[in-house]
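Thanks for coming. I will go through one structure today, part by part. Please have the sequence and the model open as I talk.

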Amino acid sequence: MEGQNKSITFDGREIRLTTGLYAPQASGSVMIECGDTSLLVTATKTVKKEASDFLPLICDYEEKLYAAGRIPGGFMRREGRPPERATLISRLIDRPMRPLFPSWIRDEIQIVASCLSLDERVPADVLAVTGASLATLLGEIPFYGPMAAVRVGLIGDDFILNPSYREIEKGDLDIVVAGSPDGIVMIEAGANQLSEQDTIEAIDFGYEAVTELIKSQEDLLKDLGIKQVKPLAPEEDKTLLSYLEKNCTKAIELVLKKYDLSKEERDLELEQIKTETQSKIDSLKDDNQVKVLTSENEKLIHSDFKKLTKKLMRSQIINDGKRVDGRELDEVRKITASAGILPKRVHGSALFQRGLTQVLSTTTLGTPSDAQEMDDLNPSTEKTYLHHYNFPPYSVGETRPMRTPGRREIGHGALAERAIIPVLPGKETFPYVLRVVSEVLSSNGSTSMGSVCGSTLSLLDAGVPLKALVSGTAMGLIKEESEIRILTDIQGIEDFLGDMDFKVAGTEKGITALQMDMKITGLPVSIISEAIKKARPARLHILEKMQEAIDKPQESLSPHAPRLLSFRIDPELIGTVIGPGGRTIKGITERTNTKIDIEDGGIVTIASHDGAAAEEAQKIIEGLTRKVHEGEIFSGVVTRIIPIGAFVEILPGKEGMVHISQLSEARVERVEDVVRQGDEVTVRVREIDSRGRINLTLRGVAQNGGMPYPEPTPTPVAPLN
């Protein structure tokens, strides 16, 4: 088997490509490598057996732990359900690829990116996105590409292209920019309250690099003698659409201009128009002029009716500057917010509503042992902030089986999580593991940003000292040739029938998260920039409404939340606290009825529902780890007596021994002649020997009464017979 090897020099790195060798039965495949990161990306197209009215595209990212030289945990010792990060990368591939396939394609297309080797200096996700474009082009599948993706980081004042995992953690920005020859098609970002202008510059910086990769793909295809398939739309029979335009336009326009209608009322009126039209079409069976209509099924009528509704709604926005609910283009829907709506069995809760979108968010405070262990290829091994998003069918007035979270739920939860992380307190300030759950109770656009707002309020209600409040809004776009309209706070119909869904979250200071998806083949940076700038006043307006509900963390935690104490000890003394076989720390937890976690860096976290018990455990640990110096004087209790001396607990958990010769100035025959178990004594540290043992003395040390310990009472001698 022979393949062709090519390489692209990009940002001082070599991206190696192998084509024609792996997966020969796929429509197209490429092995894409950089450093020691290797991915096999395949694209396969098959004819769909059943008719459908959508593009059946499946994008999968697979990671196997052998890529990092690891064996999976668990009983089965093999990979099972994809980890959350793999699901998010699958979405990262899907989102820029989907708008670049012709809308009329109905063949099944599947893209699979398999990570075969991982180099921590080269994250696999952006390589997988670029590889998906290459595999599709090599498979000669109709595609408006090439497409490529890069990651941009920010360390100090410098943008970094495709940073390593470590650089991503150190930096203030992690943004993935994907683009086509027509412009940007996808953005995914997390930022540390970065200004709008810096964010725009990062996007521009990233797209410049994207254009280099696009050019490299075009050159590669030319070298391989592969001609890119130019998608040509099949001729459509527009008889039905023309009939609908003639007979339904005025009725639909009238509904779209009834600005006081609710979403449900508008949907019902549109459905009624469609149903009546369907009945008219069915009654025209004997009319030769419309006989073509009788062969159309209900699904096609629904599709063309939707096309007409989309056209009229977009025209209304372009020409009249009015949206279907009567708002101006930059107007935010009515907002209501409240915190603490559930009993304090729930540690924190809030309800956020914007228009008909309503989200209930709850916060649970957990201990460090509640952190989520990550069994995937990413170097970070645990998560201490978890954000889960649920989208039940009743939120959109539907009925369907309740399933486990799908890709959409996982993706929306991850976006809200990313938006909040930059404002969370540090471990030493607030050592709790946090879980926020956002339940979407009603959906009419931008539930993910509603989750960001509701979760911020819920965290404050739980007493979490956030650095700042975070709000978010979704921006939309209508583009008709040269006419462009940017919409603030889009609702469901504007998302469904529009060209862009651009979610922007941040604080008063700056941006914390971005997510942009397109339904068209790309936008220039200038339009992206305008959308980001227009999002700011909307975010600040929402922040004001949120602050009316709660503007600072609750001073006291829920009585049902665990109490945590966190402090740092010398990492070299961790073994002292744990003890041989864990006996010491186990004894402390049993004695105080607490839960104790110690990190490798020396941060100790004590959890208990009893604050006094947690403080007692802290005193014991501090006593165990406190360095004792010769000459120091302590008051302690005699804990045990042996023939050669007495042990005194001078600090919680730390004992020293008073040798029998150090109990008094006079000779002592028996230890019990001077002290007994349970006595309180004042001792001085005489020395610390080479093995770290503490030797104490009572000699010359004033006791509670101000005098040295009394002379020993002589043991009576039995008279001789």
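**Strands, cores and rings**

Let me start with strand β17: 7 of its 10 residues are buried, so β17 is largely enclosed by the rest of the structure. Buried here means under 20% relative accessible area, exposed means over 50%, and partly exposed is in between, with a 1.4 Å probe and protein chains only. Helices (H or I, at least four residues) and strands (E, at least two) are DSSP runs, numbered from the N terminus.

Before going on, a word on the source. This is a predicted model, in which local features need pLDDT of at least 70 and side-chain atom pairs count only at pLDDT 80 or more, while totals for chains, interfaces and linings use all residues. Residues are numbered from 1 along each chain as its sequence is written, and side-chain values use heavy atoms, with hydrogens and water left out.

Now the sheet around β17. Which strands make up this sheet, and in what order? The order is β11-β12-β13-β17-β16, an open sheet of 5 strands with mixed pairing. Two strands pair if DSSP finds at least two bridges between them. At the edges are β11 (335–339) and β16 (385–390), each of which pairs on one side only. Direction ignored, neighbouring strands of this sheet are turned by 15° against each other on average. Axes are lines fitted to C-alpha atoms, for helices over the stretch in contact, and angles run from 0 to 180 degrees between N-to-C directions.

Go through the pairs with me. Over 5 bridges, β11 pairs with β12 (residues 348–354) in the antiparallel sense. There, I335 stands opposite R354 in β12. Next, β13 and β17 run antiparallel and are joined by 9 bridges. L365 has L434 in β17 as its bridge partner. On the other hand, β16 and β17 pair in the parallel sense, over 6 bridges. Here H388 has V437 in β17 as its bridge partner. As a general point, side chains in a regular strand alternate between the two faces of the sheet.

S448 is buried, because its relative accessible area is 0%. Not counting residues up to four places away in sequence, S448 touches Y389, H412, L415, A416 and K503. Contact means heavy atoms within 4.5 Å.

How many aromatic pairs does a search of the whole structure find? The search finds 4. Rings of Phe, Tyr and Trp (its six-membered ring) pair if their centres lie within 6.5 Å; planes under 30 degrees apart count as stacked, over 60 as edge-to-face and the rest as tilted. F101 and F143 form a tilted pair, at 5.3 Å centre to centre and 50° between the planes. F101 lies in the loop between α1 (84–97) and β6 (108–117), and F143 in the loop between α2 (125–138) and β7 (148–155), so this pair ties together parts that are 42 residues apart in sequence.

Y389 is buried, with a relative accessible area of 3%, and F391 counts as buried at 15%. Over the face of F391 lies R408, 4.2 Å from the ring centre. A charge sits over a ring if NZ of Lys or CZ of Arg is within 6 Å of the ring centre and within 35 degrees of the ring normal. The charged end of R640 also sits over a ring, that of F647, 3.9 Å from its centre.

I642 has G645 in β26 as its bridge partner. These strands belong to a barrel that 5 strands close, in the order β25-β26-β27-β29-β28, with mixed pairing. The twist averages 55° from one strand to the next.

Last, the nonpolar cores. A nonpolar core is a set of buried Ala, Val, Leu, Ile, Met, Phe, Trp, Tyr and Cys residues joined through side-chain atoms within 4.5 Å. The largest has 92 residues, and those with the most contacts inside it are Y61, I93, I111, I175, F502 and L514. Helix α4 (residues 196–224) gives the largest share, 11 residues. Another core, of 38 residues, lies apart from it, and M449, A505, I550 and A607 are among its residues.
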